[in-house]
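Hello,

Here is the structure I promised to pass on to you. Please have a look at it first, and then read my notes below.

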Amino acid sequence: MRKKYYGIVLAAVLAMSLSACGTEGKEGETEIPGTEQTAREEEKKNGQDGEEESETAGGESGEVSLSEEAEAQEDLKAVGYEYDRESLTWELVWSDEFDYEGEPDPDKWGYDVGGSGWGNNELQYYTEGDNATVKDGCLVIEARKETVGSRDYTSARLVTREKGDWLYCRVEICAKLPSGLGTWPAAWMLPTDWEYGQWPASGEIDIMEHVGYDQDVIVQSVHNQKFNGGQSKGVSYHVDGVSEDFHIYSLEWLPDKLIFSMDGMERYTYDPSKFSKTPGYEYWPFDKRMHILLNLAFGGNWGGAQGTDDSYFPVEYYIDYVRVYQSPEITELTGGDSQ
């Protein structure tokens, strides 16, 4: 089934009973603790600073030689694309509506497994399917107080890697988030091939993050070689009821910018040209295919920054659907495969 994005978003929003409707909350510049980060592909999840980027922060300055300028021109990223965003069409290319029962579709989802701390001193052990199930029309990721290996908590981290990988797309994730001190749910994207090197060089896109000690605050952000960890670029904002109602968290990934939204309302745009006249991969590694991750962490440098509480276990992270759209106009413009 193929539909234009705008029609689907309108139908989805109208179909949902969102108690926060009309009270989306106000954008803020809440400081969120950053963390030091390892550069290991499979050990990645970290805090954000939550501040919307400024128009001038990180800008280039100083004289550049002719040879340096020529080299920079050859390596330019995210420039030279002309299109009318308002006229783009979006076609559904991949989705999971979770309209079945049992384990998540193995043709669409794999798992990252282990209890290494994932680069952030997280407390959970990610299992292969034991903590993820599909029931009542939703994917449910459940964190439990139970011992596996050296860890006293379990959860799940689902990935579409090598099952769903895209270059330029629109992603929508409809979810209801857990609450409780120490919880750290996320919906995000990582590079599939890491062509610019290990984290953060090949980039990361956080479509949604939330920590239990900062209830009803959503973070959407970007990491790359230039801006990462506590210096990532993004936004945080307050929305009532993220643990009581389903909301739609969205990313529009274009060849020259990343646009983040919630419930159809645009919240933040990452545009590398705001920070450099000649952006290279350090500002824009987002011209390589990426995949989706859904996970529920517990504790860690950000999730556990104000402690943890076992009294409410188990906790559940509900995902109603995941949808990926691509624009034929953008695919034609970029002259490459859509994946």
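T160 is buried, because its relative accessible area is 0%, and buried here means under 20%. Please keep in mind that this is a predicted model.

T160 sits in the loop that links β8 (157-159) to β9 (165-166). Beyond its neighbours within four places in sequence, T160 is in contact with W94, K108, W109, D165, W166, H291 and I292. A polar atom of the T160 side chain also lies 3.0 Å from the backbone nitrogen of I292.

The next residue to look at is S202, in the loop between β11 (183-191) and β12 (204-209). S202 counts as buried too, at 3% relative accessibility. If residues up to four places away in sequence are not counted, S202 touches P191, W194, E195, Y196, G197 and P285. For Y196, the backbone nitrogen is 3.0 Å from a polar atom of the S202 side chain. P285 is 83 residues from S202 along the chain, yet their C-alpha atoms are separated by 5.4 Å.

Finally, a hairpin: β5 and β6 have 2 residues between them, and D136 in the turn has a positive phi of about 55°. The strands run antiparallel, with 4 bridges joining β5 to β6 (residues 138-148). Across the pairing, V134 stands opposite L139 in β6.

Best wishes

Conventions. Residues are numbered from 1 along each chain as its sequence is written. This is a predicted model: local features need pLDDT of at least 70, side-chain atom pairs count only at pLDDT 80 or more; totals for chains, interfaces and linings use all residues. Side-chain values use heavy atoms; hydrogens and water are left out. Buried means under 20% relative accessible area, exposed over 50%, partly exposed in between (1.4 Å probe, protein chains only). Contact means heavy atoms within 4.5 Å. A polar contact is a pair of N or O atoms within 3.5 Å; within protein, one must be able to donate a hydrogen and the other to accept it, and residues adjacent in sequence count only if both atoms are side-chain atoms. Two strands pair if DSSP finds at least two bridges between them.
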